[in-house]
Amino acid sequence: MTKTDKPKTKKPTDWRKRFDQAKPPKTLVLHTDFAGIKTGTTMYIGSPGTIANYISRIPMGEVRSIERMRNELARKNEAQATCPVTTAIYLKVVAEVALSDLAEGKSSAQVVPFWRVIEPNSKIAKKLSCDSQVIEHYRLLERADPA
């Protein structure tokens with residue numbers, strides 16, 4: 001690198017833009033094995049909106065595993081599986097939009113409660129812009145204050 005070259009800085013991700021501009025959901029038949037899902041399987045590929053909608057319907061104080069969410073989304077969309085890769089990506093998008101909204105002053109009741117699906121010590125939690133204690137905090141709040 002020469003003195004005139006500027007180091008490239010990574011532009012922050014616009015999570016709301018990623019949410020709004022995601023491709024629409026679809027179901028397809030796999031022509032090759034993918035992410036542990038076999039050839040010939042019908043696979044549902046959701047969107048941040050479908051993930052957010054699913055999470056928003058989980059009753060306060062309850063949690064769901066990502067695997068359960070994927071299974072239920074597949075069944076609802078008449079597929080045999082839900083894509084684990086896009087689900088993880090879109091789950092992160094949903095969580096980051098919620099975290100941004102919380103940082104802007106919205107209450108936990110006004111955002112998608114991603115903590116109902118993301119385990120505090122999971123791989124995806126480690127990739128979020130918040131500490132795992134944030135997820136634990138919201139889970140504890142919901143247990144202490146049932147609706």
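How many bridges join strand 2 to strand 3, and do the two run parallel or antiparallel? Select residues 81-82, which form strand 3, and show strand 2 beside them. Strand 2 and strand 3 are joined by 2 bridges and run parallel. Keep in mind that this is a predicted model.

**Stop 1: the strands**

Pick methionine 43 next. Its bridge partner in strand 3 is alanine 81. For one example, select threonine 27 and look across to strand 2, where tyrosine 44 stands opposite.

**Stop 2: helix 3**

Select residues 66-76 to bring up helix 3. Which residues of helix 3 are buried? They are Met69, Leu73 and Ala74. Turn the view until you look down the axis of helix 3. The buried residues fall within an arc of 130°, so they line one face of the helix.

Now colour Glu67 and Arg75. Both are exposed, on the other side of helix 3. Return to the buried residues and show what covers them. The cover includes strand 2 and strand 3. It also includes helix 2 (48-56) and helix 4 (84-103). Then step past the end of helix 3 to glutamate 78, where phi is positive, near 55°.

**Stop 3: threonine 82**

Go back to strand 3 and select threonine 82. Is threonine 82 buried or exposed? Its relative accessible area is 2%, so threonine 82 is buried. Display its side chain and check two distances. The side chain of threonine 82 reaches the backbone oxygen of arginine 70 at 2.7 Å. A polar atom of that side chain also lies 3.1 Å from the backbone nitrogen of alanine 74.

Next, show the residues that threonine 82 touches. Leaving aside residues up to four places away in sequence, they include Ile37, Met43 and Tyr44. Arg70, Leu73, Ala74 and Thr87 are also touched by threonine 82.

**Stop 4**

Select cysteine 83. Cysteine 83 is buried, because its relative accessible area is 2%. Jump to cysteine 130. This cysteine has a relative accessible area of 14%, so cysteine 130 is buried too. How many disulfides does the structure hold? The number is 0.

Conventions:
Residues are numbered from 1 along each chain as its sequence is written. This is a predicted model: local features need pLDDT of at least 70, side-chain atom pairs count only at pLDDT 80 or more; totals for chains, interfaces and linings use all residues. Side-chain values use heavy atoms; hydrogens and water are left out. A disulfide is a pair of cysteine sulfur atoms within 2.5 Å. Buried means under 20% relative accessible area, exposed over 50%, partly exposed in between (1.4 Å probe, protein chains only). Two strands pair if DSSP finds at least two bridges between them. Helices (H or I, at least four residues) and strands (E, at least two) are DSSP runs, numbered from the N terminus. The arc is that of the directions from the helix axis to the C-beta atoms. Contact means heavy atoms within 4.5 Å. A polar contact is a pair of N or O atoms within 3.5 Å; within protein, one must be able to donate a hydrogen and the other to accept it, and residues adjacent in sequence count only if both atoms are side-chain atoms.
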